[in-house]
Amino acid sequence: MKIEPFELERWQSVWENKVELNISESGVHPLTTAELVPDVEQLKKILDVQQLYPQTNGSEELRTRIAELYPGAKMENVLVTSGGSEANYVSTWGLIEPGDEVLFMMPNYMQIAGLARGFGATVKSLWLRESLDWGINVDDLPRLVTAKTKIIAICNPSNPTGAVLREDMRAAILAAAEKVGAWVISDEVYRGAEFDGEMTATMWGGYERVLATAGLSKAYSLPGLRTGWVVGPAKIIEKLWSYHDYTSISPSMLTDRLASAALEPARRAWILNRTREAVRANYPALQKWLADRGDIFSHVAPKAGAIAWAGLRDGRDSAKMAEELRVQKSVLLVAGEQMGMESFVRFGFGGDQGHLQKALGRIDEYLQETQGWQSRSA
Ligand SMILES: Cc1ncc(COP(=O)(O)O)c(C=O)c1O
């Protein structure tokens with residue numbers, strides 16, 4: 001099987017540790033293990049666990065804690081994976097047959113689209129629209145969903161726009177899938193990172209063929225744990241578990257225990273609160289910077305996540321801009337092209353404020369030096 005390069009992951013893997021100012025990340029500043037488990041007795045218990053193979057689909061405790069995040073779910077509805085990325089991988093792999101169609105929300109984290117094409121599916125785009133505050137036009141669905149549609153893959157809250165689907169849009173996607181018996185794969189890895197503290201409604205439970213994927217990398221600020229999961233009907237979860245036997249077999253014992261600690265209700269609330277405080281504290285400075293340069297950038301405020309998606313009003317090549325910023329200013333951001341939409345850029349604001357300010361200063365220099373761009377405020 002041939003695969004297309006996963007541009008975003010390659011870009012970050014190669015450059016994120018080589019630039020001075022990395023604002024390509026989409027999560028908030030990660031927690032340390034000591035912050036995650038401040039109770040020394042509890043930490044000691046975790047350190048004393050023998051490094052056996054754990055229960056390969058995730059321990060009962062961890063699956064029960066994950067199930068608590070999904071109304072009506074039980075541990076039988078949960079498969080623990082290595083990151084949200086493996087959750088998306090086994091879900092796509094387990095469902096696709098060559099010749100199937102996949103309707104894929106765009107712009108997006110391009111994993112499922114790239115994989116689906118690799119597995120022999122045709123991928124169609126379900127575009128988010130800036131004019132609808134990065135929602136979908138529900139009238140697009142009847143034209144795009146056909147008898148061949150096997151999967152409708154969405155990301156909610158959205159990477160890269162930070163938008164949350166309105167209830168009518170969510171319902172329209174579920175109804176369109178139900179009409180043709182398609183699966184909905186809903187990547188909900190940013191669920192819990194909402195600015196207003198209102199947890200995004202999961203797609204799970206909306207209809208019988210829904211797989212919700214997520215993990216601890218974004219809203220929970222624990223990307224290094226590599227803990228993810230798929231939540232779905234017990235029968236398909238059982239099937240995907242057998243696919244998982246061919247990938248990583250199981251989570252690591254240590255991450256299974258640490259992930260359980262993270263999802264203990266009081267700890268979980270503390271972590272999500274920390275995330276929300278960080279996004280609320282960090283975003284206004286970037287929002288002002290973008291607004292002051294409104295002649296250069298279009299921008300709709302995100303509702304969740306530490307990411308801001310901004311359009312380049314002159315339609316310039318965002319991949320070229322990102323590459324020049326990297327080379328000339330040692331700043332790494334994400335080009336729209338890497339998320340399936342040209343002439344946009346994604347700013348990550350979950351890290352250190354001073355760091356972000358420095359990066360924005362260098363972007364200002366770049367904008368002034370190249371092609372004579374001059375924002376009104378600069
Ligand atoms: C929408 C989305 N899904 C999945 C992933 C992969 O997450 P993980 O680190 O949990 O594998 C990412 C990472 O950026 C993402 O943005």
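**Pockets, sheets and core of the predicted model**

Helix H8, which spans residues 167-180, contains Arg170. Because its relative accessibility is 12% and residues under 20% are counted as buried, Arg170 falls in the buried class. Along the chain Arg170 and Met110 are 60 residues apart, and their C-alpha atoms are separated by 20 Å. A contrasting case is provided by Asp196, which is found in the loop between strand E7 (183-187) and strand E8. Asp196 and Glu277 are 81 residues apart in sequence, while the distance between them in space, taken from C-alpha to C-alpha, is 9.9 Å.

Two open sheets are described next. One of them is formed by eight strands, arranged in the order E2-E9-E8-E7-E6-E3-E4-E5, and its pairing is mixed. At its edges lie strand E2 (78-82) and strand E5 (135-136), each of which pairs on one side only. Within this order, strand E8 (residues 210-215) and strand E9 (residues 227-231) run antiparallel and are joined by four bridges, with Thr213 standing opposite Val230 in E9. Strand E3 (residues 101-106), by contrast, runs parallel to strand E4 (residues 122-129), and six bridges join the two; here Phe104 stands opposite Ser125 in E4.

Strand E3 is also mostly covered, since six of its six residues are buried.

Strands E13 and E14 run antiparallel and are joined by two bridges, and Val334 stands opposite Arg346 in E14.

The largest nonpolar core comprises 33 residues, among which Leu286, Phe297, Phe347, Phe349 and Ile363 have the most contacts inside it. At least two residues of this core are supplied by each of helix H11 (265-292), strand E11 (307-312), helix H12 (318-329), strand E12 (331-332), strand E14 and helix H13. The largest share comes from H13, which contributes six residues.

Where empty space is left can be shown by rolling a probe the size of a water molecule over the atoms. The largest pocket holds about 750 Å³ of space, and of the 36 residues that line it, Glu25, Ser26, Gly27, Lys218 and Pro223 are the closest to its centre. Helix H1 (7-15), helix H5 (83-95), strand E14 (344-348) and helix H13 (353-369) each give at least two residues to this lining, and the largest share, four residues, is that of H1. By class, the lining of the largest pocket divides into 11 nonpolar, 17 polar and eight charged residues. At least three of the lining residues are drawn from each of domain 1 (7-31 + 275-369) and domain 2 (50-267).

The lining of the second largest pocket contains six nonpolar, five polar and five charged residues, and at least three of its residues come from each of domain 1 (7-31 + 275-369) and domain 2 (50-267).

Terms used:
Residues numbered from 1 in each chain as written. Predicted model: local features only at pLDDT ≥ 70, side-chain atom pairs only at ≥ 80, totals over all residues. Heavy atoms only, no water. 1 Å grid on protein atoms, 1.4 Å probe; cavity = no way out; pocket = protein on both sides within 12 Å on 5 of 7 lines; lining within 4 Å. Points joined across faces, edges and corners; volume = space filled by probe spheres on them. Nonpolar A, V, L, I, M, F, W, Y, C, P; charged D, E, K, R; others polar. Domains from an automatic or database assignment. Pairing = 2+ DSSP bridges. Core = buried A, V, L, I, M, F, W, Y, C linked by side-chain atoms within 4.5 Å. Buried < 20%, exposed > 50% of the residue type's maximum accessible area, 1.4 Å probe, protein only.
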